[in-house]
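The following exercises are meant for a reader who meets this structure for the first time. Each sets a task and then works through a solution.

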Amino acid sequence: MALLQVFIIATIVFSIIHVMPGDPALLALGTERQQDPAAVAEMRHKLGIDRPLIEQYTTWLRNISKFDFGNSLFNNEPIKNYLAQRLPRTLELAIISTIIAVFIGIVSGIIAALRRGSAIDVGVTTLTALGISLPVYVLGTLFILIFCINLKWLPASGFVKFSQDPAGHILRLILPSLTLAFGMSASIARMTRSSLLETLNKEYIQTLRAKGLSKKAVIFKHALRNALIPVITIIGLQFGNLMGGTVLVEYLFNWPGLSTLLVEAVSHRDYPLAQGCIIAIASLFIFSNMIVDLLYGFLDPRVR
Amino acid sequence: MLKKLTDNKFFENKVFVFSVIVLVPILILAIIGPYIAPYDPLEINPSMVLKSAAPGHPLGTDEFGRDILSRLICGIRPTFIVAIGATALSLAAGVLLGIFAGYFGGAVEQIIMRVMDIILCFPPILLALVVVGFWGPGIQNLIVTIGIVYSPYFARLAFSSTMQVKKQEFIEAEISLGANFARILSKGIFPNILAPIIIQISLTLASAILLESGLSFLGLGIVPPTPSLGLMIGEARNYILLNPMYVIWPSLFLGVTILVINIMGDSLRDILDPRLHA
């Protein structure tokens, strides 16, 4: 199923590039060298667009199945190398943000639900509304202003390899992952709160309380388990948004991940590189959906 | 439904009234902004570069000495043009496609809804980034791209509502009385999908503003020198040490605008969909 989705995405990426108005070769060459017919012909050959469409399509699919995305138009390096270098960095950012977001979101959601109507509840509800509305790059800029410029606690941006400087690596990871996590934790907190409130109103919970079970046992052993099922769905859906968010956050914090690579490729009109990036990001997205489905079955035996 | 709209139900909801009170001035700014701005937003003044607040420039100036207040007032207009244009496009395309798919079923349904599913499986900003990136930035391209990206949400809504309404007896009665497709659309289907669609419109507006400003921030949205909030934040980021207020004002303005539209969407949901109250 996941493979089929990757196949569909590969097909769409192929067609987006070919349906687009304008000749990719002309666009790749830029306005000056467009005048030179020899250069255009060479570029068309290099991109493979001088061959029939069907042949291009089958070659494209065959190469992708071997993880061969061709070479970058600019320095002729294999795109595979780029992706192998950048993918772990984006993945690192995404996974750490997700962990932070799940933790903050679920804990604050539970507290808000249990203290319904209190100051904490109002605070959490207000923050979640903010978290959903505030663009990630606005939040990230504010973080940079506060933590890097005013308080001087953290380095503003950049990237160092973990093997070279582990502490520096982690310090530079904090702000981008917090920025990404904020919006996601808002959605998770919202869902946890409403789902837990709904579950606590169910009859079987009242029965358990009537049987004399302590409030703690009811909440943590019975209610939470059921309340978290829709939360898992939200986490899965939000992971897609997170992958979108990395585009802006990586750019803002100069984090050299997959999304920065995509932005570079798009602004340089490096078609093959952009294609490779999209396929890699979309595959991550599909893969994460698969994990969510598995988790779902684990929490809710009826789905298995 | 129409009776509900003429009711005072909307104005009994305090949150809705609040969001309207905040949103209306922003909308007015978007319409008349260029006429009331104290300075020309493109006017360069080399003697007043990156001032935080100065006489005549209450919000300071940017790296070219342009007045930030004037740029804010004028910058909200392209944002709303793109957001409203894109929402209108996705509304029209999505609702029509959804109704066609739901009404005719069969192969029409399969083709339309599968295409919509495919659009949905990309994160919106990724799809928009690629299309705008290769197509070129600019207001028209943004409207079309963002409109396409968000049309599946409307198509799904319209599709499922049409499917539900189609089965009901009054539609069958209409058909048996010889009503044509246009009549069934306007009398039977539209009134029944109005409420969820109004809610979706406000959500889409907020998302479209978010997406447009994000693309502009990356330099792939609105083309300079046209002022745009996302673009301003992207530029101001480079001067954050020299004039931190330069980045704060557009961020605040943009944040408040999106927040208010989202709050309005939530209150609309409360008003129009009482089932969710419980």
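**Exercise 1.** State what share of the residues of chain A counts as buried, and describe the secondary structure of chain A.

*Solution.* Step 1. In this predicted model, chain A has 304 residues, of which 38% count as buried. Step 2. Chain A contains twelve helices and zero strands. Step 3. Step 4. Of the contacts in chain A between residues at least 6 apart in sequence, 70% join residues at least 24 apart.

**Exercise 2.** Determine whether Glu77(A) is buried or exposed.

*Solution.* Step 1. Locate the residue: Glu77(A) is in the loop between α4 (53-65) and α5 (79-114) of chain A. Step 2. Count its neighbours: Glu77(A) has 11 C-beta neighbours inside 10 Å. Step 3. Apply the cut-off: a residue with 12 or fewer is exposed, so Glu77(A) counts as exposed. Step 4. As a further point of reference, Val40(A) is 37 residues from Glu77(A) in sequence, and their C-alpha atoms are 21 Å apart in space.

**Exercise 3.** Compare the end-to-end distance of helix α9 of chain B with that of a straight helix, and find where α9(B) bends.

*Solution.* Step 1. Helix α9 of chain B covers residues 181-217, which is 37 residues. Step 2. At 1.5 Å a residue, a straight helix would reach 54 Å, but the end C-alpha atoms of this helix are only 45 Å apart. Step 3. A bend of about 50° is found in α9(B) at Leu194(B). Step 4. Pro196(B), a proline, follows within four residues. Step 5. Just after α9(B), Gly219(B) adopts a positive phi of about 85°.

**Exercise 4.** Describe the side of chain A that touches chain B.

*Solution.* Step 1. The contact involves 34 residues from chain A and 32 residues from chain B. Step 2. Elements of chain A giving two or more residues to this side include α1 (2-19), α10 (215-252) and α12 (271-299). Step 3. By residue class, this side of chain A has 27 nonpolar, seven polar and no charged residues.

Technical notes
Residues are numbered from 1 along each chain as its sequence is written. Chains are lettered from A and ligands numbered from 1 in the order in which they are written. This is a predicted model: local features need pLDDT of at least 70, side-chain atom pairs count only at pLDDT 80 or more; totals for chains, interfaces and linings use all residues. The expected span of a helix is 1.5 Å times one less than its number of residues. The bend at a residue is the angle between axes fitted to the seven residues ending there and the seven starting there. Two residues are in contact if their C-beta atoms, placed from the backbone, lie within 7 Å. Ala, Val, Leu, Ile, Met, Phe, Trp, Tyr, Cys and Pro count as nonpolar, Asp, Glu, Lys and Arg as charged, and the others, Gly among them, as polar. A residue is buried if 20 or more other C-beta atoms lie within 10 Å of its own, exposed if 12 or fewer, and partly exposed in between; C-beta atoms are placed from the backbone.
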